[in-house]
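Please read them beside the structure.

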Amino acid sequence: MKRVPTGVPGLDELIEGGFPESSSILLSGGAGCGKSIFCLEYLYNGAREHDETGVYITLEEGPHNLWWNMQRFKWDLLPLEKNNKLKIYKFEPSLDFKENTNDQIQRIIDKAKQLSAKRMVIDSITAFSFWMDDVGKIRYAIYALIEALRKLDCTTILTCETTGGKNSISRFGVEEFLTDGVIQLLYTPPHRSMFVRKMRGTNHDKRVHPVEISDAGFQINSKEEILWEALRD
Ligand SMILES: Nc1ncnc2c1ncn2[C@@H]1O[C@H](COP(=O)(O)OP(=O)(O)OP(=O)(O)O)[C@@H](O)[C@H]1O
Ligand SMILES: [Mg+2]
């Protein structure tokens, strides 16, 4: 199986070298646990080190804010932007309330196709699904989106907003069964941590590891372990 190096320091060694190519990964966690920074790092390093085009679909946080975040990390983005290697698009879920699900999915797929993206981020899948009035529709929409991106050979991270506890995997209780992988981010101030909950086709690491966010970005300490009992429910 071909692997996609994640570009997140400390992560590849936990998952046999990277995400399975064309897979979908749920990145779940509470507010401020580092989901968006993790995703930006995935796209930035993918473009810079592997020459892979990345598309970031943001549903709520404005693109300016995300660019500003990346300046803080002293990442050299402008050349990547100019060469269409890293693109950020805002997608307005509220304005699209009446648009049917297939059209919404198609708009995302069109962006990926136009740019021949190899890496994709949907931030967040919670905001994408939130207006749908039943969990059956949510399940269908996420499934259809994931499968369409898989056909394009895009390796996709979908962020998921949870209450932040260690057993809180998703918002609607279905997302984690649809994706090929689940990574949980945890934040119990002042300690940040993460673990790989699932990664299909991968003998992944089972431990919880400390995380640091700094001007260098999002980093995982794959050598150190945090005990499950020390994490909040
Ligand atoms: N340069 C930095 N140095 C240290 N910590 C930082 C830095 N920039 C951001 N952070 C931390 O990262 C947090 C934001 O991370 P991020 O936006 O990725 O979280 P998120 O999980 O996407 O949040 P949300 O659920 O609100 O979308 C900040 O609240 C702050 O604690
Ligand atoms: Mg975010």
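1. Helix H1 (residues 35-50) lies across S3, strand S4 (54-58), S5, strand S6 (119-123), strand S7 (155-161), S8, strand S10 (209-214) and S11. H1 runs at about 165 degrees to S6. Contact means C-beta atoms, placed from the backbone, within 7 Å. Angles run from 0 to 180 degrees between N-to-C directions, with axes fitted to C-alpha atoms, for helices over the stretch in contact. Helices (H or I, at least four residues) and strands (E, at least two) are DSSP runs, numbered from the N terminus.

2. The model is predicted: local features need pLDDT of at least 70, side-chain atom pairs count only at pLDDT 80 or more, and totals for chains, interfaces and linings use all residues. Residues are numbered from 1 along each chain as its sequence is written, and chains are lettered from A and ligands numbered from 1 in the order in which they are written.

3. The open sheet has nine strands, ordered S5-S4-S6-S7-S3-S8-S9-S10-S11, with mixed pairing. Strands pair if DSSP finds at least two bridges between them.

4. S3 (residues 24-29) and S8 (residues 181-188) run parallel, joined by four bridges. Leu-26 stands opposite Val-182 in S8.

5. Two cis peptide bonds deserve a look. Asp-123 to Ser-124 has omega of about 10 degrees; Ser-124 lies in the loop between S6 and helix H5 (125-129). Pro-189 to Pro-190 is cis, with omega near 5 degrees.

Technical notes
Two residues are in contact if their C-beta atoms, placed from the backbone, lie within 7 Å.
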